[in-house]
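User: Hi! Could you walk me through this one? I'd like to know what holds together with what.

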Amino acid sequence: MELLTHRKFKNGRLMPWGKGTVVTGAKGLVYLCGNTATAENYDPAGKRGGGFPGDAAAQWRAILANIKSDLEELGSAIDYLIRLTFFIKGPFPDGGVLSSPNFRLDVLDEFFAENCPKHCSYNNPPPSEVIGVAALAQADILVEIVAVAALPD
């Protein structure tokens with residue numbers, strides 16, 4: 001299997017997301033559900049339990065650890081990520097999602113520097129999108145991340 005992520009440049013400057021990833025020879029793809037940092041007692045069907053009470057950085061760390069674990073359980077790994085979607089709860093002080101204190105590129109880079117340096121924003125990360133939202137499943141959930149990865153042959 002081969003993954004080739006093409007870098008995205010604007011006016012000669014490297015952007016913190018990839019242009020696209022071409023996957024060849026993979027056995028398949030793994031589409032993860034949206035990951036949040038919910039507490040162990042969270043029961044959405046019974047409307048009981050709660051979201052993760054930590055700050056945005058703590059939620060990012062928990063979600064990224066969940067994604068890593070989920071991918072490994074399903075036969076893939078973060079090395080094979082081909083797409084990330086970030087849903088960020090406001091506020092948006094400067095009008096854009098990147099200005100939200102809940103958007104933590106620093107934590108994302110910290111995680112990838114430790115676990116998969118090729119995906120750091122200053123290296124060659126997978127394509128992604130950042131979407132601002134007014135609310136997520138529970139009031140204290142600040143971020144949700146959806147991941148897609150290749151399934152190695």
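User: Which residues of α1 are buried?

Analyst: Keep in mind that this is a predicted model. In α1, the buried residues are A56, A57, Q59, W60, I63, L64, I67 and L71.

User: And how are they arranged around the axis?

Analyst: They sit on the same side of α1, because they cover an arc of only 155° around its axis.

User: What covers them?

Analyst: The cover for the buried residues of α1 includes β3 (28–31), β4, α2 and β6.

User: How does the span of α1 agree with its number of residues?

Analyst: α1 has 18 residues, and at 1.5 Å a residue these should span 26 Å. The end C-alpha atoms are 26 Å apart, so the two values agree.

User: Nice. What follows α1?

Analyst: G75 does, and its phi is positive, near 90°.

User: Now the largest nonpolar core. Which of its residues touch the most other members?

Analyst: Those are W60, L71, L81, F112 and I145, in a core of 29 residues. At least two core residues come from each of α1 (56–73), β4 (81–89), α2 (105–115) and β6 (143–151). The largest share is from α1, which supplies seven residues.

User: You listed L81. What is it in contact with?

Analyst: Apart from neighbours within four places in sequence, L81 contacts L71, F112, H119, P126, A147, V148 and A149. L71 and F112 are also on that list of core residues touching the most other members.

User: One more, L151. Where does it lie, and is it buried or exposed?

Analyst: L151 is in strand β6. Its relative accessible area is 18%, and buried means under 20%, so L151 counts as buried.

User: What does L151 touch?

Analyst: Not counting residues up to four places away in sequence, L151 touches M1, A26, K27, G28, L29, V30, L74, G75 and S76. G75 is the residue with positive phi that follows α1. As for G28, its C-alpha atom is separated from that of L151 by 4.9 Å, though the two residues are 123 residues apart along the chain.

Note on methods. Residues are numbered from 1 along each chain as its sequence is written. This is a predicted model: local features need pLDDT of at least 70, side-chain atom pairs count only at pLDDT 80 or more; totals for chains, interfaces and linings use all residues. Side-chain values use heavy atoms; hydrogens and water are left out. A nonpolar core is a set of buried Ala, Val, Leu, Ile, Met, Phe, Trp, Tyr and Cys residues joined through side-chain atoms within 4.5 Å. Buried means under 20% relative accessible area, exposed over 50%, partly exposed in between (1.4 Å probe, protein chains only). Helices (H or I, at least four residues) and strands (E, at least two) are DSSP runs, numbered from the N terminus. Contact means heavy atoms within 4.5 Å. The expected span of a helix is 1.5 Å times one less than its number of residues. The arc is that of the directions from the helix axis to the C-beta atoms.
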